[in-house]
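Keep the 3D view open as you read.

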Amino acid sequence: MKILVINAGSSSLKYQLIDMENEHLLAKGICEQIGDDNATFTHKVDDDESKNIKKMPYAMPDHSAAIQLVLDTLVDGEHGVIKSMDEIGAVGHRVLHGGEKFSASVLVTEQVKETIKECFKFGPLHNPANLKGIEACEGIMDVPQVAVFDTGFHQTMPDYAYMYALPYEFYEKDGIRRYGFHGTSHRFVSGRCIELLGGKAEGTKIVTCHLGNGSSISAVKDGKCFDTTMGLTPLEGILMGTRCGSIDPAIVTTIMEEHNLSPKEMDTLMNKKSGMLGLTGTSDNRTIEQRAKEGDERAKLVESMLCHQLTKYIGGFAAAMGGVDAVVFTGGIGENNPQYRTRVGKLLEFLGTKVDEEKNNCRGKEVEFSVEGSKVRLFVIPTNEELVIARDTLAIVNAL
């Protein structure tokens, strides 16, 4: 069966087509600036560059038009990889927030869509767009649709890990609690790490670090999420590309009062104008890495802040789990920035980490970069969230 994986944003739509017989990626791409006159489309075929389309302008007034363009391209004689849409057996959708209702992926029904709508308040930038992607596919394709939630993997957290010390009524009535995100990534890399540790989940204690424009860290005990850094929304935790991460809550009201900001303006400040961008003027970690090498003090500050926060959270999770067997780095930064991994690995030597710098001098590939015999093993494991979505989709469709 071939599975189409969709990740719909407010003005974008990423896709992958995967042949699940051998889990081979057939094609992938992205539609950007949907609804804009300057909408663009990038399409890449895995093993035939001659079929690629790069940043071509197309008319995409809405997500339905974007989906139609994707489908037309996949079956196109010049750029396509399948003969007809009938080869696509199902569609798997990334959905940011499932609240407490969904601890696993589900077949999309009207009730599921209503629950996704109920979670708009928790994911106002993502959930409405995710639902648009689902409804656009439903309008064009007569195949099962499956929702895979970023929050699902974290639903195994104990209450003492996910509760906030606010009046209990806010949890009961409004669902205010820690949910966690990047769940498909943490699930994929922790599962792969368990394989590398011997294949038995029971008894394992792993910390997974998903580091990219959005970043989160998770404690995974016995193969299940025990705690995580992101909270009610993806804003909590370590500093990120444009997000501030965890701050003193009083800072929010202080800045709002001093600068006469509305709640929406303050939310934009914390989510889109802070983090690496707010401190250095750029959210591109590659630029920050280069500037730091050239002596830029703000860039060096960001690198030191990130390494400090990573060490603090990893050490804290190790303490909470009663030990740690392995630390995994993944995501765009985690997979491609060796110096962060070296610095953090050395800061964690008190736990029993020992960095093999020669093995660590790599980007974008799976590697164990701890010295043989280290008490705590260190890994780079490239994530594959789309494959997790496709696997869940296949399992649900096969069970129908």
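**A buried histidine, and onwards**

His-210 is buried, as its relative accessible area is 8%, and a residue counts as buried when that value is under 20%. Bear in mind that this is a predicted model. To find His-210, go to strand β9, which covers residues 205-210. Now look at what its side chain is doing: a polar contact links the side chain of His-210 to that of Ser-185, at 2.8 Å. Ser-185 also turns up among the residues that His-210 touches beyond four places in sequence, together with His-182, His-186, Ser-215, Ser-216, Thr-330, Gly-331 and Glu-385.

Next stop is Asn-127, which sits in helix α3 (residues 127-140). Asn-127 is buried too, with a relative accessible area of 0%. What is Asn-127 in contact with, once neighbours within four places in sequence are left aside? The list is Val-95, Leu-96, His-97, Ile-116, Cys-119 and Phe-120.

Last, the helix pair. Helix α11 (residues 297-321) packs against helix α13 (residues 338-347) at an angle of about 45°, and their axes are 9 Å apart. That angle makes α11 oblique to α13, and the crossing of the two is right-handed. On the α11 side, the contact is made by Glu-303, Ser-304, Leu-306, Cys-307, Leu-310, Thr-311 and Ile-314, while α13 brings Gln-339, Tyr-340, Arg-343, Val-344 and Leu-347.

Note on methods:
Residues are numbered from 1 along each chain as its sequence is written. This is a predicted model: local features need pLDDT of at least 70, side-chain atom pairs count only at pLDDT 80 or more; totals for chains, interfaces and linings use all residues. Side-chain values use heavy atoms; hydrogens and water are left out. Axes are lines fitted to C-alpha atoms, for helices over the stretch in contact, and angles run from 0 to 180 degrees between N-to-C directions. Helices (H or I, at least four residues) and strands (E, at least two) are DSSP runs, numbered from the N terminus. Angles under 35 degrees count as roughly parallel, over 145 as roughly antiparallel, 65 to 115 as roughly perpendicular and the rest as oblique. A crossing is left-handed if the near helix is turned anticlockwise from the far one by less than a right angle, and right-handed if clockwise. Contact means heavy atoms within 4.5 Å. Buried means under 20% relative accessible area, exposed over 50%, partly exposed in between (1.4 Å probe, protein chains only). A polar contact is a pair of N or O atoms within 3.5 Å; within protein, one must be able to donate a hydrogen and the other to accept it, and residues adjacent in sequence count only if both atoms are side-chain atoms.
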